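This report examines the fold, the cores and the local backbone features of the structure shown below.

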Amino acid sequence: MASVNDFDLKQMTQDERVKALGMTSEQLTGRSMFMEFDAGASERFLYPWAPDVDFNKRTEIDSDEMTSTEVNEEIKKLMNEGYGTIVLKNPRGKHSLGVGILSKLNLIIEGSTGYFGVGLIDGPNVRITGRVGWSCGENMMSGTVLIEKNAGSTFGAAIRGGDLVCRGSVGSRTGIDMKGGTILVGGDTGALSGFMMQRGRMVVCGNAGKNLGDSMYDGTIYVGGEIKSLGVDAVHAELTDLDKSWLTRKLTQYGMLPKNGVDHFNKIVAGKMLWNYDNLEPSEKKLIL
Amino acid sequence: MCGIAGLIYKGKQSNVGSQMTSMLQALKHRGPDSTGYAVYSEGIAEEFVMRVKVAEADDMASGRGIYAELERRISKIDEILKENGVSIKDKSNATEYALRYVIKYDGDMGRLANHLEEVQGAEILSIGNGLELIKDLGDATDVSGAYGLQSFNGTHGIGHTRMATESDVDIRSAHPYWAFPYSDVSVVHNGQITNYWIMRREMENKGHRFTSNCDSELLAVYTAHNLSKGMALEDSLRQSIEEIDGVFTYLVATKDQLGMAKDTMAAKPLVLYESTDLIAMASEEVAIRAILPQEIDTYDPYDEEVRVWQA
């Protein structure tokens, strides 16, 4: 993205401004998906108690002889000492590594993690050089998680925000109950991906298993390969120029843009014959949303 | 929950006993109630290893009289073996209530096993040419140590750490299950089978026997039934996904094969590692990492996936 100075921004309309900043205002499906970004707002919310870390202050943890709890406590301790870049070595498939990090941090995990890795996070940028087990990134609120190899099932379950990226293939039920954010998968995904999805976007560059988007309320799923079958109330929708633009930008950001582009992607949305909160009265909608 | 693990070497032997112990110990948190192993070596032609227990572990706390009772039961087993023309090449006690026989026998194995199980408290855990099946209460290290498994060299093996949900905490309900009465076939399972009683009655009507109320035993009996009809292991695994309801991932080992099957929902985990000479699999990556510390590539099999590997 080309850099934009403050003067240019002030001359632009709101639509031009959000586009220039790489953000977008779009209505994907139905009123409940209407997302509006304020270009003037801070992109990352910081908790008042969040430690003030310096990304240039780097350290390492060798977790070979440590329990998951000890590793997570050590990460918090180092963050309180101002370390903004932490490299975790020898994770060896341990569960629940890097969970509950609620502020900015560069966390690099050299190896593979077990279940529930980097769940419940709000803000950090995480790179995992190996594979992750079930439920990686569960309930993440913001930040980025990039996995270089494959991921297990329930990848990104119930995420609310941020980018969760797997360069390889993922297991079943990817993005189950997701409520926001973006899931990117370089390879294939298994059965029941996007099950009961409520918001957000999932992109699968490879194939998708059976019952894709089963019982989804809202949100959008893009699939570059074949779809074994659609789930209940998941329907095809037209891939618009806005979709293509967003897909290209997002996949390019992580070096995952397919050689043949994104024009062949299928777009799947909720048919809203099963669940439809668009027609609720405003007072009811307030309770739901 | 419950943890399952398996490994198979292609065309070579390794310290399978020690490796399976490490893998299952890493899965202890998935099931601390009991641990079991089915490990395979090339065996000796025409000889079978028979693993039999004559009491449950808890029975040993029932009073001093149990020792005399165990002696009586073991004498009775020896007597039946002799009556059936079985040649006992070796006999040893793994624990006070579990014995290992090396036998030569060319008769009907099912009939022999049925006859032996007429002895009160006796249960044949396995009979096989290459199979050694051990299971007991406790974690992987405890069971492996008690039965001297650490030094076992072989080609492949499967194992299980059990969290009892469907039946009692006892050896009878522990995995692996031997596919009675077919030598060298064993099964471990993680999941719940929801049409267990329907399928059990169907199998019982076909003449098969069940020793426990554990739903996992059905998979062993079902596999045994299919193999007895001449079905290939891969076909049996595939058919099971159609006929057996519930959520499950299970492993089956034969004398020279190891297979896996995953249900239609892919609701129970399995992580796979494949290299040119070793295939390792477990409910969780942490078990594979327990024997392969170097960086490796692993993946999750998908729903309805069936795989079979040859030793």
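## The sheet of chain A

Helix H3 (residues 68-80) of chain A lies across E1 and strand E2 (83-89) of chain A, at about 155° to E2(A). Helices (H or I, at least four residues) and strands (E, at least two) are DSSP runs, numbered from the N terminus. Axes are lines fitted to C-alpha atoms, for helices over the stretch in contact, and angles run from 0 to 180 degrees between N-to-C directions. The model is a predicted one, in which local features need pLDDT of at least 70 and side-chain atom pairs count only at pLDDT 80 or more, while totals for chains, interfaces and linings use all residues. Residues are numbered from 1 along each chain as its sequence is written, and chains are lettered from A and ligands numbered from 1 in the order in which they are written.

E1 and E2 belong to an open sheet of 11 strands with mixed pairing, ordered E1-E2-E3-E4-E5-E6-E7-E8-E9-E11-E10 in chain A. Strand E1 (54-62) and strand E10 (234-237) of chain A are the edges; each has a single partner strand, so one side of each lacks a neighbour in the sheet. On average, neighbouring strands of this sheet are turned by 15° against each other, direction ignored. Two strands pair if DSSP finds at least two bridges between them.

## Parallel pairs and burial in chain A

Strand E5 (residues 142-147) of chain A has five of its six residues buried. A residue is buried if 20 or more other C-beta atoms lie within 10 Å of its own, exposed if 12 or fewer, and partly exposed in between, with C-beta atoms placed from the backbone. Strand E4 (residues 122-128) of chain A runs parallel to E5(A) and is joined to it by five bridges, with A:Val126 opposite A:Val145. E5(A) also pairs in the parallel sense with strand E6 (residues 163-166) of chain A, over four bridges; there, A:Thr144 has A:Asp163 as its bridge partner.

The loop between E4 and E5 of chain A holds A:Ser135 and A:Asn139. Each has a positive phi without being a glycine: near 60° for A:Ser135 and about 65° for A:Asn139. A:Ser135 counts as buried because it has 25 C-beta neighbours inside 10 Å. A:Asn139 is buried as well, with 20 other C-beta atoms within 10 Å.

Chain B is divided into domain 1 (3-43 + 157-310) and domain 2 (44-128), with bounds that come from an automatic or database domain assignment. Their C-alpha centres lie 25 Å apart. In the interface, 11 residues of domain 1 of chain B are in contact with 15 residues of domain 2 of chain B, where contact requires C-beta atoms, placed from the backbone, within 7 Å.

The largest nonpolar core has 82 residues, and B:Ala5, B:Met23, B:Leu251, B:Ala282 and B:Ala287 touch the most other members. Such a core is a set of buried Ala, Val, Leu, Ile, Met, Phe, Trp, Tyr and Cys residues joined through C-beta atoms within 7 Å. Helix H6 (residues 216-228) of chain B provides the largest share, six residues. A second, separate core of 70 residues includes A:Ile75, A:Val118, A:Val165 and A:Val269.

## Sheet and local features of chain B

Five strands of chain B form an open antiparallel sheet in the order E9-E10-E11-E12-E15. Its edge strands, E9 (177-178) and E15 (306-310) of chain B, each pair on one side only. Eight bridges join E10 (residues 186-193) to E11 (residues 246-253) of chain B, and B:His189 has B:Tyr250 as its bridge partner in E11(B). Helix H7 (residues 233-243) of chain B lies across E11, E12 (257-262) and E15 of chain B, at about 15° to E12(B).

One runs from B:His175 to B:Pro176, with omega near -5°, and B:Pro176 is in the loop between strand E8 (156-162) and E9 of chain B. Another joins B:Phe180 and B:Pro181, with omega about 0°; B:Pro181 is in the loop between E9 and E10 of chain B.

Note on methods: Two residues are in contact if their C-beta atoms, placed from the backbone, lie within 7 Å.
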